[in-house]
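Student: Can we go through the salt bridges and one of the helices? Keep it short, please.

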Amino acid sequence: MKNVFELTHPLAQHHLSILRATSTSPAQFRTQIHLLAMLLAVRATDDLKLQPVPVVTPITPMSGNCLSQRVGIVPILRAGLGLVEPVLQLIPDAAVWHVGMYRDEATAQPIEYYSKLPEENAVDVGLVLDPMLATGGSIKAAVVALQRWGVKDIRVLSVIAARPGIEQFHQEYPDVKVFVACIDPELNSHKFIVPGLGDAGDRMFNTQR
Ligand code: PRP
């Protein structure tokens, strides 16, 4: 799949295995998400454009570089919140726009409950953050909102995806780049990723019932 990128770094596999385990505590789960988000963000931004900037080192003046593109981070609430801080650490000047969505338990369709995306002055690059792409419905809805805003370069950062969901997403949005730590083979009858990691939002915020 052109424009779908799966991390191959051994550290991604290492941290993902800890993330998946039922025995992993919410605190450790948040740490693993943080580490994986950083690995994803490094990979997803390796072609951002630069402009020269004068720098004076203790030895001599020189020409350095700074980012020339405006980056917007769009976490999908709730679970996407866990990826915000690491991405902001790498891109401190990024704007953060929240989109609230939950999946209806009966239909697995995304229900939007919060969105404050502006209608003009779109960022150059929009990074959609959500640790899970199951059916892909939530990420699709976020991508549509970013397109409506006018963002031309949209990239999705997701820790774990299900193959049927990511294939369907890629078919509908072949130009949107998707960066994932791992693509799992299937969805179960409840549209949960298999083998997956359970419900990322509940595990992150310790709200499992
Ligand atoms: C989960 C997950 C994604 C979505 C993935 O959110 O965090 O947002 O489902 O499923 P999809 O690809 O089939 O749309 P959930 O509804 O559990 O909300 P939460 O983040 O508030 O826990």
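Tutor: First a term: buried means under 20% relative accessible area, exposed means over 50%, and partly exposed is in between (1.4 Å probe, protein chains only). This is a predicted model, where local features need pLDDT of at least 70, side-chain atom pairs count only at pLDDT 80 or more, and totals for chains, interfaces and linings use all residues. Residues are numbered from 1 along each chain as its sequence is written, and side-chain values use heavy atoms, with hydrogens and water left out.

Student: OK. How many salt bridges does a search of the whole structure find?

Tutor: The search finds 8, a salt bridge being a side-chain nitrogen of Lys or Arg within 4 Å of a carboxyl oxygen of Asp or Glu.

Student: What does Asp-47 form a salt bridge with?

Tutor: Its partner is Arg-155, with the closest N and O atoms 2.7 Å apart. This pair links distant parts of the chain, 108 residues apart: Asp-47 is in the loop between α2 (26-44) and β2 (50-56), and Arg-155 is in strand β10. Helices (H or I, at least four residues) and strands (E, at least two) are DSSP runs, numbered from the N terminus.

Student: Is Arg-155 buried or exposed?

Tutor: Arg-155 is buried, at 3% relative accessible area, whereas Asp-47 is partly exposed at 36%. Both belong to a network of salt bridges that also links Asp-153 and Lys-177.

Student: And which residue does Arg-78 meet in a salt bridge?

Tutor: Arg-78 meets Asp-202, at 2.9 Å from N to O. Arg-78 lies in the loop between β4 (71-77) and α3 (84-90) and Asp-202 in helix α6 (residues 200-205), so the pair ties together parts 124 residues apart in sequence. Asp-202 is buried at 12%, while Arg-78 is partly exposed at 34%.

Student: Now α5. Where do Glu-167 and Arg-163 lie?

Tutor: Both lie in helix α5, 4 residues apart, about one turn of the helix. Glu-167 is partly exposed at 36%, and Arg-163 is partly exposed at 35%.

Student: Which residues of α5 are buried, then?

Tutor: In α5 (residues 163-172), Gly-165, Ile-166, Phe-169 and His-170 are buried. They cover an arc of only 130° around the axis, which puts them on the same side of α5; the arc is that of the directions from the helix axis to the C-beta atoms.

Student: What do the buried residues of α5 pack against?

Tutor: They pack against β1 (4-6), β9 (132-133), α4 (137-149), β10 (153-162) and β11 (177-184), where contact means heavy atoms within 4.5 Å.
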